[in-house]
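Here are my notes on this model. Please read them with the structure open beside you.

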Amino acid sequence: MRRPLWIKNAAQLVTVAGGKGPRSGPEMSDLGLIEDGSVWIENGKIKAVGTTAEMNAQFGEWEEDADVIEAYGKLVTPGLVDPHTHFVYGGSREKEFEMRLEGASYMDIMNAGGGIHATARMTRESTEEELYGQAERRLDSFLRHGVTTVEGKSGYGMDLETELKQLHIMKQLNERHPVDIVPTFMGAHAIPPEYKGREEEFVSLIIDEMIPAVTSEKLAVFNDVFCEIGVYTPEQSRRILEAGRRHGLIPKIHADEIEPYGGAELAAEVGAISAEHLLKASDEGIRKMAEAGVIACLLPATALYLREKAARGREMIDAGVPVTISTDCNPGSSPTTSMPLVMNLACISMRMSPAEALVAATINAAHAIGVQDKAGSIEPGKQADLVLWNVKNYQELQYLFGVNHVGAVWKKGEKVI
C-alpha cells in the first residue's frame, strides 16, 4: 500500500471545484481558490482539500506516515487537460512553415499536395514502431508542460489500415504512458487525393467501413469531421457524424476555421459535445452553440502560427458559450505541446482573463472529452493529477508568458516530473 501524499502550504491552490457541467459566463472566473492550500492524497486519489490549517487539524497526527511536499510560495493546480490534439503522425512539415512565410495559404499548400495530405503519406509509410516512438516523445513533452490528459485524433491515414494503426498506437500508449489518452476517430480529416472527384465514394467508405471497424474494436470515444469549404460539406459532415452516433461515437466537429461555413450551427443541430477552431464562426452560430451547450474548443496557437486573427473567445464567453482551449498539436499548423503557452495566448489574443484561461485548460477541457468525473479539478474522489508551478499565483502564470513554469507533476499521486 502506497504512503499518503500531502502537498501543503501552497501559496495558492486552484481547485476549480464544484458544478456539474462545463462552466460558462461568469462561472469561468471561479477558480475555487484556496490561499495557503493543502491536498491529502491516498492510493492515487484525492482524499481531502482545504487550507493547511484545516488539513493540519485533520491529518497532522499522520504526517510522519506521509510523503510531505512543502509548496511554500508556489501555485498548485489540477493537471492540465488538452482536449484537441493530432499527436500521432509521421514526419514533419517545416518546409511548409517557410512557404507560409513567403505568402502561401493553408489551402494553397493543401491543394498542392502538402498539408494534411503530406502528413498522411508520411504516416502511411511509417511503421507502427516509428509512429509509437514519435508519439511517445510528444507525450513526454506534454507531461513536462503540465498536461496529464490529452485527446488524440486519428485522421492522418484516411485509409482503414492507417486509421486503425493510429488508434492502436493511442490504445497502447494509454496503457503504458502516464498521460491519459482519450481517442477520437477522424477519418474525415480531408479527402484523399486518390478520391478526388469521387468524394461521395469516400464518404460512403467512412460510413460503411471505417466507423464500423473502429467501433467494433472500441478504439474511439468521439467522431470528428473537418467541415470546411473544399473538404467536407455541412451535409456530408452531418451524415458522417450521425453515422458515428449510431455506432456509439460522440460527435465533434472542426468548424468554421478557414471560412464561415455553418459549422458552429451544425454542431448545435447534431448535439456535438464540442466544436473546434471557430475562427470564422458567425454570430448566429455562437448563439446556437450557447443555446445547445456546445463547448467551444479554441486554438489560439494555431491562429498565431497561421497568422490569422484568433477566435472570438471573449465574445463567446460573454454570450454564454462554455469555452476550452487546446494546443491543437499537429505537424502543420501548431507543432507545439505547450498548454502554458496556449493559456498565455488565450489571454493575449482572445481577451480571456487569467482565471478563465485556467478554467478553460482544466475543468472545461475535461468536460469537452468526457473525463470530468476523474480529471480537471482538485476534489475528493478524483485522480490526484496535480501540477506545482514555480510562480506565486495564477495571474503570474499567465503574465510571465512563453516560459515553462512547471516545478513538479503528479499523475494519480505518483510524481512523474
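1. Which side chain does a polar contact join to that of His254? Asp224 is the partner, and the polar contact is 3.1 Å. Keep in mind that this is a predicted model.

2. Stay with His254. This residue is found in strand β10, residues 250-255. His254 counts as buried because its relative accessibility is 3%, and buried means under 20%. Leaving aside neighbours within four places in sequence, His254 is in contact with several residues, including His84, His86, Lys153, Glu276 and His277.

3. Now turn to His84. Its place is in the loop between β6 (80-82) and α2 (94-101). His84 has a relative accessible area of 0%, so it is buried. A polar contact of 3.3 Å joins its side chain to that of His86. Not counting residues up to four places away in sequence, His84 touches His254 and Asp328, among others.

4. The record ties these residues together. In UniProt, an unreviewed entry carries the annotation "binding site" for His84, His86, His254 and Asp328. They are spread over 245 residues of sequence, yet they cluster in space. The largest C-alpha distance is 12.5 Å. From this set, His86, His254 and Asp328 are in the lining of the largest cavity.

5. Next, the pockets. How much space lies in the largest pocket? The figure is about 300 Å³. Its lining has 13 residues, and Met110, Asn111, His117, Ile191 and Lys196 lie nearest the centre. Helix α3 (residues 106-111) gives the most to this lining, with three residues. By class, the lining has seven nonpolar, four polar and two charged residues.

6. The second largest pocket has a volume of about 190 Å³. It is lined by 13 residues. Nearest its centre lie Ala104, Ser105, Tyr106, Leu306 and Glu308. By class, this lining has seven nonpolar, one polar and five charged residues.

7. Finally, look at helix α13, residues 339-350. Why is α13 described as largely enclosed by the rest of the structure? Because nine of its twelve residues are buried. Among them are Met339, Pro340, Val342, Leu345 and Cys347.

8. At the start, a side-chain oxygen of Ser338 reaches to within 3.1 Å of the backbone nitrogen of Leu341. After the helix comes Arg351, whose phi is positive, near 60°.

How values were computed
Residues are numbered from 1 along each chain as its sequence is written. This is a predicted model: local features need pLDDT of at least 70, side-chain atom pairs count only at pLDDT 80 or more; totals for chains, interfaces and linings use all residues. Side-chain values use heavy atoms; hydrogens and water are left out. On a 1 Å grid over the protein atoms alone, a cavity is a set of points where a 1.4 Å probe fits but cannot get out, and a pocket is an open set with protein on both sides within 12 Å along at least five of seven lines; lining residues have an atom within 4 Å of a point. Grid points are joined across faces, edges and corners, and a volume is the space filled by probe spheres set on the points. Helices (H or I, at least four residues) and strands (E, at least two) are DSSP runs, numbered from the N terminus. Ala, Val, Leu, Ile, Met, Phe, Trp, Tyr, Cys and Pro count as nonpolar, Asp, Glu, Lys and Arg as charged, and the others, Gly among them, as polar. Buried means under 20% relative accessible area, exposed over 50%, partly exposed in between (1.4 Å probe, protein chains only). A polar contact is a pair of N or O atoms within 3.5 Å; within protein, one must be able to donate a hydrogen and the other to accept it, and residues adjacent in sequence count only if both atoms are side-chain atoms. UniProt positions are given in the numbering used here, feature names are shortened, and annotations may be inferred rather than shown by experiment. Contact means heavy atoms within 4.5 Å.
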